[in-house]
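Morning, everyone. Please bring up the structure, and I'll walk you through it for a few minutes.

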Amino acid sequence: MIDVPTLVEQARQGRPRAVARLISLVENAAPELREVMAALAPHTGHAYTVGLTGSPGVGKSTSTSALVSAYRRLGKRVGVLAVDPSSPFSGGALLGDRVRMQDHATDPEVFIRSMATRGHLGGLSWAAPQALRVLDAAGCDVILVETVGVGQSEVEIAAQADTTVVLLAPGMGDGIQAAKAGILEIGDLFVVNKADRDGADATARELNHMLGLGEARGAGDWRPPIVKTVAARGEGVDEVVEALEKHRAWLDEHGELAVRRARRAAEEIEAIALAALRARIGDLHGDRQLAALAERVVAGELDPYGAADRLVAGLTTL
């Protein structure tokens, strides 16, 4: 039997074992999850969430680790949610990004958790929104969310973060790919990492040119800055933090932070509702109603849309 109130109180005190156990309950969709979320709700809404995305090899883990160091120098408590590919056998995280963040392993003010995508597309784990709530309630000032590194489809992070950082690296064709992938639309800040390599200036110029070709911006609109870094040496990282803080101030000033968080909550509610509906539909597999509807579709007596309408109508009477 899990004592949820005690577990939540321990997590709010910043105890790593309690935070880890709560996130495990989230990942496993435990029966206690509803009670956990209800207990955490009054203590959320304080953390600043930063998403880091980009193609594999641009240095997301190294950049995340460097940002942790920079925020710790500012006295911030930092949470890291590193979303990894899933093992096809166990469903667990295949590559633990914590291996690349060992510098922070003994820091009690840093909590790092690897989460598996478990087949979820878009660069994030399906459990990420609830895991973010756990870290928020645990007193994290800043939460860094590192996506799985699946490439151009990693746009889901924009719906989960207050600020989205897109990382690129010279010599990888990222500048050209960005024009095709919708990356320009989700980036609040662009970081050209590995700037000590040839082509870094060209990549930054190309990005700047493409941003200029984007939608017309008004006088008060945010224009994503471009920062060059060498994360492995910590170069340019303070400039990234400065740009993040400027964007956070802009979000507050223009009311955009509240808009983004309300949109995030709406999408989270919708996802939970759809999951509940799928579960109820799943309960009907093998049920006479679903089997009968399927037979009528095969016989041409009903079209799939009409059958689906009848199924939904049946769900509302359950």
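Leu 167 is buried, because its relative accessibility is 2% and the cut-off for buried is under 20%. One caution before I go on: this is a predicted model.

Where does Leu 167 sit? Leu 167 belongs to strand β5, which covers residues 163-168. One more distance for Leu 167. Thr 229 is 62 residues away along the chain, and the two C-alpha atoms are 9.9 Å apart.

Step back to the whole chain. How many helices and strands does the chain have? The chain has 13 helices and seven strands. There are 318 residues, and buried ones make up 46% of them. The chain exposes about 16000 Å². Carbon and sulfur atoms supply 54% of that area.

Now the strands. Go to β1, residues 48-53. Six of the six residues in β1 are buried. Tyr 48, Val 50 and Leu 52 lie on one side. Thr 49, Gly 51 and Thr 53 lie on the other.

What does β1 pair with? One partner is β4, parallel to β1 and joined to it by five bridges. Val 50 stands opposite Leu 144 of β4. Leu 52 stands opposite Glu 146, also in β4. β1 pairs with β5 as well, again in the parallel sense, over four bridges. There, Thr 53 has Val 166 as its bridge partner.

β4 spans residues 142-146, and five of its five residues are buried, so the rest of the structure largely encloses the strand. Val 142, Leu 144 and Glu 146 are buried on one side. Ile 143 and Val 145 are buried on the other.

On to a helix pair. Two packed helices are described by the angle between their axes and the distance between the axes. Here the pair is α2, residues 16-27, and α5, residues 128-137. The angle is about 160°, and the axes are 9 Å apart. That angle makes α2 roughly antiparallel to α5. The crossing is right-handed. Which residues meet? From α2 come Val 19, Leu 22, Ile 23 and Val 26. From α5 come Gln 130, Ala 131, Val 134 and Leu 135.

How enclosed is α5? Nine of its ten residues are buried, so α5 is largely enclosed by the rest of the structure. Among the buried ones are Ala 128, Pro 129, Leu 132, Asp 136 and Ala 137. After α5 comes Gly 139, with a positive phi near 95°.

That brings me to backbone angles. Most residues other than glycine have a negative phi. Two residues to look at here are Ala 29 and Lys 194. Ala 29 has a positive phi, near 50°. Ala 29 sits in the loop between α2 and α3. With 43% relative accessibility, Ala 29 is partly exposed. Lys 194 also has a positive phi, about 55°. Lys 194 lies in the loop between β6 and α9. Its relative accessible area is 22%, so Lys 194 counts as partly exposed.

Last stop, Arg 260. Buried or exposed? Arg 260 is buried, at a relative accessible area of 16%. Its helix is α11, residues 256-282. Leaving out neighbours within four places in sequence, Arg 260 contacts Asp 162, Thr 163, Asp 188, His 247 and Leu 251. One of those, Thr 163, falls within β5, the strand we began with.

Technical notes
Residues are numbered from 1 along each chain as its sequence is written. This is a predicted model: local features need pLDDT of at least 70, side-chain atom pairs count only at pLDDT 80 or more; totals for chains, interfaces and linings use all residues. Side-chain values use heavy atoms; hydrogens and water are left out. Helices (H or I, at least four residues) and strands (E, at least two) are DSSP runs, numbered from the N terminus. Buried means under 20% relative accessible area, exposed over 50%, partly exposed in between (1.4 Å probe, protein chains only). Contact means heavy atoms within 4.5 Å. Accessible areas come from the Shrake-Rupley method with a 1.4 Å probe; for residues, only the protein chains shown count as cover. Two strands pair if DSSP finds at least two bridges between them. Axes are lines fitted to C-alpha atoms, for helices over the stretch in contact, and angles run from 0 to 180 degrees between N-to-C directions. Angles under 35 degrees count as roughly parallel, over 145 as roughly antiparallel, 65 to 115 as roughly perpendicular and the rest as oblique. A crossing is left-handed if the near helix is turned anticlockwise from the far one by less than a right angle, and right-handed if clockwise.
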